[in-house]
Amino acid sequence: MNWGYVIASWIVAFGALGAYSVATVLRGRRLSKQVPPEKRRWS
Amino acid sequence: MELTPRTGPDSGAEGEALASKRVRSKRNRLPALAMIVVVLAVGSFVVVNALGSATTFYRNVDEASAQRESLGVKRFRLQGTVVAGSIVQTGEGVSFDVAYNGVEIPVRHVGDPPEMFKADEAVLLEGNFDASGSGEFDSTLMIIKHSEVYKEKEADRLQQADVGGKMPVATSVPGATP
Amino acid sequence: MISQTPTEVTGPTSTSSRVTRVLGFLALVSLGVLVLFGLILSPPDASQGEAVRIMYIHVPSATVAYLGCFLTTIGSIVYLWRKSQWWELVAYAGAEVATLFTVITLVTGMLWGRPTWGVYWVWDARLTSTAMLLLLLLGYLAVRRLPADYEVRAKRAAIVGLLLVPNVMIVRKSVDWWRTLHQKPTLLANGLDSKIEGLMLFSLFTGFIAISLVFGWLIVHRFRLAWLEEQVESEGLDLAIAERRAEALVGEVAP
């Protein structure tokens, strides 16, 4: 009973988190190349 | 700060890059502005809605019963607990009594009740008192009002409940590993 | 968050670091544990049945959304007070991540409401104030992105950011102040185990840990990305200033 709603909500949550994470990391990689290394102070 | 180079395209590759950046930033302004407009519009709609209905979201059975005269056939939400043994299936839906604070109101609900409708469960009913003055409440929308309390479904209760539910792990020790 | 010793001469080519890799690993492991307990090992609820499993992501998501709003308001205050870019970027990262979690809260809440209440949505005080919170967050992001000088954008956004925590308080207290369909809080009300039992409580606890780790990981990455964005932006600005100087020089030479 109601497994459909459960699975749908977990997929929405995990899907949104996954998509946002991937987009953030990829954009970070792209922008990192445009910024001189001394300004990227993490490692 | 005005940073627009006054020279035309002859200012070289850097100038062109800048010009395209300028065009892009003008175009970028539109979605952001549109977003603000939409936010303001929807925001005011939401606030009006909040003032209109959220503050007097429902009336309890005892209050509605006391205000029956003034309410007339006005639509409102009624909150109460479904009285055990009062549920009768009718052709167009279901009829039952709701109780709160020792007061009961008979309800005629049109339409299929939600899946989790059952006795001793709190419900919200959208509708109005019957025009005939019988004191019956004509409901067209039923919402189940759940409490913040969660209890594990026990194995013996599971048998008479739904098929397809998973067998619960029989433990009530917090943090226990299986 | 930011270490002083770059490992290579070229520096990192992404927003990752050892901290985020550890955080990311822990987040993935705890998400696995959450799936195990939330979907498989925990029992159905006596009244709600399987639908109770939506709680294990809905409630933690709402909590970290509030946390993001707190970061934004604190960052906004510190920015307006001391013009600290570091805190402004924390505020921005907090707002974007909070927006994501507010959307997740609303969608999972609707998917929880349909089987348990019988409706996806009602305009009660809790749901209405949460919708207002989402709009305020979207407003913050729109204002923050409206093209302008950094100081102008940051200041405008920070003023919107001040409103987030008051809105969160309204959301939190709405179930006490008004009559709502939404239930009152299960946890932190009066003692832990009175309102929720055993493995269900443990699953909810796991949800808090997993979602908090994901939140932390996202905040660090988003903060660094925001930093990179401002670097790229100000580089374009430096370029424009240099351009104008060159023009001025040309103007002086030519009569």
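## Strand pairing and confidence in a predicted complex

In this predicted model, strand S2 (residues 76-82) of chain B and strand S6 (residues 122-129) of chain B run antiparallel and are joined by six bridges. Within S6(B), B:Ala122 is the residue that stands opposite B:Thr81. Strand S6(B) also runs antiparallel to strand S7 (residues 137-145) of chain B, and eight bridges link S6(B) with S7(B). For B:Leu125, the bridge partner in S7(B) is B:Met142.

| Strand pair | Direction | Bridges |
|---|---|---|
| S2(B) and S6(B) | antiparallel | six bridges |
| S6(B) and S7(B) | antiparallel | eight bridges |

Chain A contains one helix and zero strands. The C-alpha trace of chain A spans about 55 × 15 × 10 Å along its principal axes. Of the 43 residues in chain A, 33% are buried.

Chain C has a mean pLDDT of 88, with 90% of its residues at 70 or more. Among the elements of chain C, the highest mean pLDDT, 97, belongs to helix H3 (residues 85-116) of chain C, and the lowest, 86, to helix H7 (residues 198-253) of chain C. Residues 1-9 of chain C have a pLDDT below 50, and this stretch has ten contacts in the model beyond near neighbours in sequence. Where pLDDT is low, the predicted coordinates should not be read in detail. For the complex, the predictor gives an ipTM of 0.94 and a pTM of 0.81.

Technical notes. Residues numbered from 1 in each chain as written. Chains lettered and ligands numbered in written order. Predicted model: local features only at pLDDT ≥ 70, side-chain atom pairs only at ≥ 80, totals over all residues. pLDDT = per-residue confidence, 0-100. Helix = DSSP H or I, 4+ residues; strand = E, 2+ residues; numbered from the N terminus. Contact = placed C-beta atoms within 7 Å. Buried ≥ 20, exposed ≤ 12 C-beta atoms within 10 Å, placed from the backbone. Pairing = 2+ DSSP bridges.
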